[in-house]
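These are my notebook entries on a structure that I looked up.

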Amino acid sequence: MSSVLSLKNISKRFRHTVALSDINLEVPPGVVFALLGENGAGKTTLIRILTGFLAADSGTASVLGHNCSSDSVAIRRAVGYVSDAPALYDWMTSVEIGWFTSAFYPEGFAARYRELIEQFSVPPTTKIKHLSKGQRAKVALAIAVSHDPQLLILDEPTSGLDPMVRRQFLESMVDRAAVGRTVLLSSHQIGEVERVADWVAILHRGELKIVQPLEELKSNVQIVTATIDTSEGVIAMPRGQVLSESRTGRQFRWVVKDLPSDWQADFGTGAGVTKLSAMRATLEEIFIAVCDDKVTPHGDDPVRMSSVEVA
Amino acid sequence: MNSAFARLVWKDTLLIRPLVLLIVVSAIASNAMIAVLHVSNYVSPLNLTQLATTLWTLLPSLLAFGAPALMVATEEENGTLNWLRTLALRRRDVIWAKLLVAIASLVAAWTVSTLALNLVLQFLPERYTGTTDTVLNQLTVGYLNIQLLLVGFVSSYLFRSPIVGLVAVVPLMIGLLLLDGWVAWELFKTHQSVVPMVIAAITGLLLLAWLQYRLGQSRLSPAHGYSYESLSRYPLPMIRCSTARSESDCRVSLELRFPIPRFAIAAKTMWSTEREAYLKSWREVLGWYGGQNDAGPISANADFLIEILREHANQDSARL
């Protein structure tokens with residue numbers, strides 16, 4: 001099946017700042033696709049390019065087969081979008097804003113909107129300026145999904161919301177994926193991404209570092225710990241793609257992608273290793289290994305020696 | 001009228017309603033006060049007529065001045081225009097709905113103002129031969145109000161801030177009034193008839209309507225038009241704040257930077273030469289002053305001032 005969202009060699013600069021650098025991305029349909037990255041990583045810029053609000057300096061972007069720079073109206077018909085701070089007409093009531101918006105979408109929008117605000121327990125006749133932040137976010141989500149979009153884009157939608165509202169947001173994402181719709185979730189809340197995402201992309205300083213199904217990523221990345229007998233000694237790094245390396249006293253710790261099954265054979269009896277272990281990494285550990293510039297990243301060189309200083 | 005356009009008209013009507021109500025209430029209340037003043041015999045009827053006529057001209061103009069800022073720039077500032085961009089609606093519907101509502105509001109304000117004026121004029125026996133007396137004069141005032149409204153939309157689409165947009169209307173309107181006067185005079189001189197003037201006025205209004213439409217299109221589609229991000233590619237005036245903190249040194253410095261025009265780079269050599277002559281002349285003036293007064297500290301201050309001037313000149317030169 002063709003991709004819901006496709007980016008080819010997308011780059012974007014703001015004066016001297018590189019916001020996105022040569023991004024290539026394909027998002028399959030019917031999944032919750034999480035875009036992870038620290039603040040300023042380029043997530044919002046990427047979403048603005050996808051929704052046609054911003055033109056890329058180079059490359060092509062398409063959503064549901066529509067070109068992002070020339071078919072923005074067609075994209076907006078097929079896409080629902082919720083920003084981190086949706087600015088709604090606060091002098092309208094929640095019912096009025098649904099009625100106002102329903103004119104821009106096909107029939108059925110108003111009925112679905114009413115169902116949703118009832119489901120979300122939003123008071124219908126209260127003006128938006130008198131609603132809580134969570135209730136406003138729910139109104140924005142209801143507007144974004146009432147036309148049953150094929151793609152729902154959420155740009156850090158749960159920031160500043162209480163756990164109950166977050167839970168409702170996350171449930172609605174899973175529900176949409178269950179009926180074959182795609183959700184693109186931009187966030188730096190790793191815990192909630194881990195709960196709902198099928199696919200994960202990690203964006204760091206405008207570069208796409210990892211794009212993989214979440215379960216596959218978590219099973220492919222392991223934390224290898226080796227303890228040596230002297231604090232001055234060095235040992236060879238494990239094979240596979242070492243995402244990061246750190247050392248505390250006599251203990252080495254590597255976050256390794258695609259660790260071979262016979263990895264323990266690399267640390268023979270003569271290497272001075274007293275203890276070896278490997279365990280699955282959490283998404284947070286993977287994220288930090290990719291994004292934390294303080295830990296030492298390594299390429300895929302098979303003959304490498306550990307080079308970190310003693311902590 | 002399609003339903004999307006109708007909803008936008010509904011929304012814009014509610015947005016502008018407080019301003020329209022304020023103008024209408026002001027027109028009625030001020031004319032009622034003029035009637036009361038006439039009955040009380042404190043002010044001469046001629047003065048009251050002049051006041052009533054001025055208010056009749058001023059109140060709809062206030063609406064024409066404020067409506068675009070309220071409907072475009074305030075929406076931009078509140079972020080609601082940005083939210084509208086995320087919905088599946090056509091940009092032209094947003095732009096024309098705003099203009100339609102603004103013109104309808106202006107006509108409503110003008111109608112109420114005119115009715116109130118005519119009512120109060122019934123009480124005032126001495127007619128003032130001012131702007132209300134001829135149909136042409138009334139049409140001219142109407143034309144100027146619509147022109148002001150359109151210029152307001154142009155300015156609001158050009159500038160994101162409501163205040164900047166409002167301030168920019170003033171020079172734009174002065175320029176257009178000068179142009180109006182010149183065109184009217186030239187046409188009247190050539191044709192000795194008002195018909196070409198009316199045609200020119202309508203053409204001018206249509207051109208302004210088209211211009212605000214184009215600017216509105218740009219504003220509502222930042223991917224194609226201008227935006228903060230695209231503007232930021234160009235050098236803009238900026239204030240850079242730098243801090244240097246250590247145990248012994250804690251200071252904050254501000255640097256005001258302005259865009260350097262291309263021609264300024266060509267003028268670099270000339271500036272370097274001029275700079276030396278400029279510093280020399282300052283040294284002579286200050287040295288002469290210090291010498292005349294035979295004051296050591298003044299002479300020292302002169303050297304210090306020369307150093308500051310030299311420092312600034314070096315910074316400018318480095319930027320060039």
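**Entry 1: a helix pair in chain A**

At roughly what angle do the axes of helix α4 (residues 109-119) of chain A and helix α5 (residues 133-145) of chain A cross? I note at the outset that the model is predicted. I found that the two axes cross at roughly 150° and come within 9 Å. Because angles over 145 degrees count as roughly antiparallel, α4(A) is roughly antiparallel to α5(A). I recorded the crossing of α4(A) and α5(A) as right-handed.

I then looked up the residues that meet. From α4(A) come A:Y113, A:L116 and A:I117, and they meet A:V139, A:A142, A:I143 and A:V145 of α5(A).

**Entry 2: chain B as a whole**

I next listed the elements of chain B, which has 11 helices and two strands. Read from the N terminus, their order is α-α-α-α-α-α-α-α-β-β-α-α-α.

How much of chain B counts as buried? I noted 24% of its 320 residues. I also looked at contacts in chain B between residues at least 6 apart in sequence, and 77% of these join residues at least 24 apart.

**Entry 3: a helix pair in chain B**

I turned to helix α2 (residues 45-78) of chain B and helix α4 (residues 91-121) of chain B, whose axes come within 10 Å and cross at roughly 165°. By the cut-off of 145 degrees, α2(B) is therefore roughly antiparallel to α4(B). I recorded a right-handed crossing for α2(B) and α4(B).

The residues of α2(B) in this contact include B:W56, B:L59, B:P60 and B:L63. Those of α4(B) include B:L106, B:A109, B:W110 and B:L117.

**Entry 4: where chains A and B touch**

How many residues does the contact take from each chain? I wrote down 22 residues from chain A and 21 residues from chain B. On the side of chain A that touches chain B, the elements giving two or more residues are α2 (72-78) and α3 (94-102) of chain A. The largest share of that side, four residues, comes from α2(A). By class, I recorded 14 nonpolar, five polar and three charged residues on the side of chain A that touches chain B.

Technical notes: Residues are numbered from 1 along each chain as its sequence is written. Chains are lettered from A and ligands numbered from 1 in the order in which they are written. This is a predicted model: local features need pLDDT of at least 70, side-chain atom pairs count only at pLDDT 80 or more; totals for chains, interfaces and linings use all residues. Two residues are in contact if their C-beta atoms, placed from the backbone, lie within 7 Å. Ala, Val, Leu, Ile, Met, Phe, Trp, Tyr, Cys and Pro count as nonpolar, Asp, Glu, Lys and Arg as charged, and the others, Gly among them, as polar. Axes are lines fitted to C-alpha atoms, for helices over the stretch in contact, and angles run from 0 to 180 degrees between N-to-C directions. Angles under 35 degrees count as roughly parallel, over 145 as roughly antiparallel, 65 to 115 as roughly perpendicular and the rest as oblique. A crossing is left-handed if the near helix is turned anticlockwise from the far one by less than a right angle, and right-handed if clockwise. A residue is buried if 20 or more other C-beta atoms lie within 10 Å of its own, exposed if 12 or fewer, and partly exposed in between; C-beta atoms are placed from the backbone.
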